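Here is a briefing on the pockets, helix contacts and backbone features of one model. Please read it beside the sequence and the structure.

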Amino acid sequence: MTKYYQATNVGKIRKQNEDSIAIIEPETFIVADGMGGQAAGEVASRILIETVERELKTASLPYNEEILKNAILKANENILSEVEKNSEYEGMGTTATILHVAEPKEIQPQITTQTAFFAHIGDSRLYKLERDGLKQITQDHSYVEDLVRRGEISEEQARVHPMKNVLIQAVGAEKNISVDVGQFRVNNGDVYLLCTDGLTNMVSDEEISKILHETKNPADDLVEAALNHGGKDNVSVIVVGIL
């Protein structure tokens, strides 16, 4: 069982919100950050959400990592199909981060611990809140993150790198995409954060952790923090607490 908070905001610079977020029962959470300019990013993130919702409605519980991955792959097909129909959408795409928290009975009746499954592509993120800060569960599919992984630049340099928003993987970018998947055990009291880079580019991990530990309305307060730091992009968050 989970308790969750969600919020999204256009920010202070952009004219429209190209992010999309969704809560799908049971216990499934999605954030998507569209790209492509004009209305295209909004279209791509909306197609992602709508496709995942349709795919999960016909899937069996639990929504394991393969089911989540296949839903993203289907969204990729749908976005590319929409581009073929409408040349104005050329170049549109979206990130996708999905978390499903499965009740024990969804897996095996005799299991008492909960399991979470995730699928991810792009640079939206899934975090776990720990006592000493945030643990990033997903890895960014970005040019700059590749440089960090290869040891060519530091995390601090990555935060201000002029190409930090350049993605190397996104839904709708090409026919063959690679979706990261995984699973992990969850416990009562765990807190997880799904967010677009409109949060992480504006607010430090330390401040995000402090807000999650201390505030009663974490989603609204995280968005407010992003706006207070400039709000240069759309910002969307879902905070999930395990009960």
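In this predicted model, helix α5 gives the largest share of the lining of the largest pocket, four residues. That pocket holds about 500 Å³ of space.

**Largest pocket**

- The lining of the largest pocket is made up of 22 residues.
- Nearest the centre of this pocket lie Arg125, Asp140, Glu145, Glu155 and Arg159.
- Two or more lining residues come from each of β7 (125–130), α4 (143–149), α5 (155–159), α6 (197–200) and α7 (205–214).
- Among these elements, α5 supplies the largest share of the lining.
- By class, 11 of the lining residues are charged, eight are polar and three are nonpolar.

**Second largest pocket**

- The largest share here, three residues, belongs to β3.
- The lining of the second largest pocket splits into eight charged, six polar and three nonpolar residues.

**Helices α1 and α2**

- Helix α1 covers residues 40–57 and helix α2 covers residues 65–85.
- Their axes come within 8 Å and cross at roughly 135 degrees.
- How are α1 and α2 oriented to each other? At that angle they are oblique, because only angles over 145 degrees count as roughly antiparallel.
- The crossing of α1 and α2 is right-handed.
- On the α1 side, the contact uses Ala44, Ile47, Leu48, Thr51, Val52, Arg54, Glu55 and Leu56.
- On the α2 side, the contact uses Ile67, Leu68, Ala71, Lys74, Ala75, Asn78, Ile79 and Glu82.
- The contact of α1 with α2 has 10 nonpolar, four charged and two polar residues.

**Helices α7 and α8**

- Helix α8 covers residues 218–228, and its axis comes within 9 Å of the axis of α7.
- The two axes cross at roughly 150 degrees.
- Helices α7 and α8 are therefore roughly antiparallel to each other.
- Helix α7 crosses α8 in a right-handed sense.
- From α7, the contact residues are Glu207, Ile208, Ile211 and Leu212.
- From α8, the contact residues are Pro218, Asp221, Leu222 and Ala225.
- The contact of α7 with α8 has six nonpolar residues, two charged residues and no polar ones.

**Backbone features in loops**

- Pro26 sits in the loop between β2 (19–24) and β3.
- Glu27 lies in the loop between β2 and β3.
- Phi of Glu27 is near 55 degrees, a positive value in a residue other than glycine.
- The peptide bond from Leu61 to Pro62 is cis, with omega near -5 degrees.
- Pro62 is placed in the loop between α1 and α2, the two helices with the right-handed crossing described above.

Key
Residues are numbered from 1 along each chain as its sequence is written. This is a predicted model: local features need pLDDT of at least 70, side-chain atom pairs count only at pLDDT 80 or more; totals for chains, interfaces and linings use all residues. Side-chain values use heavy atoms; hydrogens and water are left out. Axes are lines fitted to C-alpha atoms, for helices over the stretch in contact, and angles run from 0 to 180 degrees between N-to-C directions. Angles under 35 degrees count as roughly parallel, over 145 as roughly antiparallel, 65 to 115 as roughly perpendicular and the rest as oblique. A crossing is left-handed if the near helix is turned anticlockwise from the far one by less than a right angle, and right-handed if clockwise. Contact means heavy atoms within 4.5 Å. Ala, Val, Leu, Ile, Met, Phe, Trp, Tyr, Cys and Pro count as nonpolar, Asp, Glu, Lys and Arg as charged, and the others, Gly among them, as polar. On a 1 Å grid over the protein atoms alone, a cavity is a set of points where a 1.4 Å probe fits but cannot get out, and a pocket is an open set with protein on both sides within 12 Å along at least five of seven lines; lining residues have an atom within 4 Å of a point. Grid points are joined across faces, edges and corners, and a volume is the space filled by probe spheres set on the points.
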